[in-house]
Amino acid sequence: MAGLILVAGALPRSVLFLCGMNAVRSPMAEQLARRMLPATIFVASAGVRAGERDPFVDAVLAEDGLALGERHPRTLDDLEDDYFDLIVTLAPEAHHAALELTRSLAVEVEYWPTPDPTGADGTREQIMASYRDVRERLKLRISRRFLLPEAKNATD
């Protein structure tokens with residue numbers, strides 16, 4: 001991703017991706033953002049409640065050369081730092097929690113409705129396709145939010 005053009009002045013110093021259980025959408029978004037955004041931006045993820053690690057997330061991230069490593073799902077209470085310039089919510093319950101949490105704070109909250117692939121059924125390949133769809137949607141959303149149009153073409 002070398003040579004990407006970033007939106008000048010529009011980048012937050014820290015971003016939190018928040019979903020229901022920090023098992024699928026938010027850890028995927030965190031890993032993608034870490035790769036796509038400058039290392040100077042602190043990126044984290046959490047869930048409203050505790051979840052379990054999802055092996056399909058590991059599989060679709062590996063297809064993109066990414067990995068969660070030893071990372072396990074965590075809640076907002078597990079975060080060491082609780083101030084972020086931007087909180088991106090990926091599920092309705094996360095959005096409501098973020099709005100409640102930031103009611104008296106100057107924190108930008110954006111809602112990116114993202115489907116939950118855990119309800120997918122069928123063959124392993126059909127389930128993987130649902131997870132890949134979420135991964136690709138998140139890549140596109142991160143690109144559109146943080147990168148200039150010239151850079152978006154490079155990531156498509």
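**Fold, sheet packing and nonpolar cores of the predicted model**

At 1% relative accessibility, W112 counts as buried, a class defined as under 20% relative accessible area, with exposed meaning over 50% and partly exposed in between (1.4 Å probe, protein chains only). The structure is a predicted model, in which local features need pLDDT of at least 70 and side-chain atom pairs count only at pLDDT 80 or more, while totals for chains, interfaces and linings use all residues. Residues are numbered from 1 along each chain as its sequence is written, and side-chain values use heavy atoms, with hydrogens and water left out.

The protein contains five helices and four strands, both taken as DSSP runs and numbered from the N terminus (helices: H or I, at least four residues; strands: E, at least two). Along the sequence these elements follow the pattern β-α-β-α-β-α-β-α-α. Of the 156 residues, 46% count as buried. The accessible surface comes to about 8100 Å², of which 52% belongs to carbon and sulfur atoms; such areas were computed by the Shrake-Rupley method with a 1.4 Å probe, and for residues only the protein chains shown count as cover.

Six bridges join β1 and β2 in the parallel sense, and the bridge partner of L16 in β2 is A44. On the other pairing, β1 runs parallel to strand β3 (residues 86–89) and is joined to β3 by four bridges; here L18 has T89 as its bridge partner in β3.

In soluble globular proteins, nonpolar side chains tend to be buried together. A nonpolar core is a set of buried Ala, Val, Leu, Ile, Met, Phe, Trp, Tyr and Cys residues joined through side-chain atoms within 4.5 Å. The largest such core has 31 residues, and those with the most contacts inside it are F17, M28, L90 and I142. At least two residues of this core are supplied by each of β1, α1 (25–36), α2 (55–63), β3 and α4. Its largest share, seven residues, comes from α4. Apart from this core lies another of twelve residues, among them A44, I87, A98 and V107. I142 touches F17, A29, L32, A33, M36, L37, W112 and L147, not counting residues up to four places away in sequence.

Aromatic pairs were assigned to rings of Phe, Tyr and Trp (its six-membered ring) with centres within 6.5 Å, planes under 30 degrees apart counting as stacked, over 60 as edge-to-face and the rest as tilted. By this rule there are three aromatic pairs. One of them, between F17 and W112, is edge-to-face, at 6.0 Å centre to centre and 65° between the planes. This pair links distant parts of the chain, 95 residues apart: F17 lies in strand β1 (residues 14–19), W112 in the loop between β4 (108–111) and α4 (124–146). F17 is buried, with a relative accessible area of 0%.

N22, in the loop between β1 and α1, has a positive phi of about 55° although it is not a glycine, and N22 counts as buried at 0% relative accessibility. Q31 lies in helix α1 and is buried, with a relative accessible area of 12%. Excluding residues up to four places away in sequence, Q31 touches L61, L66, A67, L68 and R71. E136, in helix α4, is partly exposed at 35% relative accessibility.

Definitions and conventions
Two strands pair if DSSP finds at least two bridges between them. Contact means heavy atoms within 4.5 Å.
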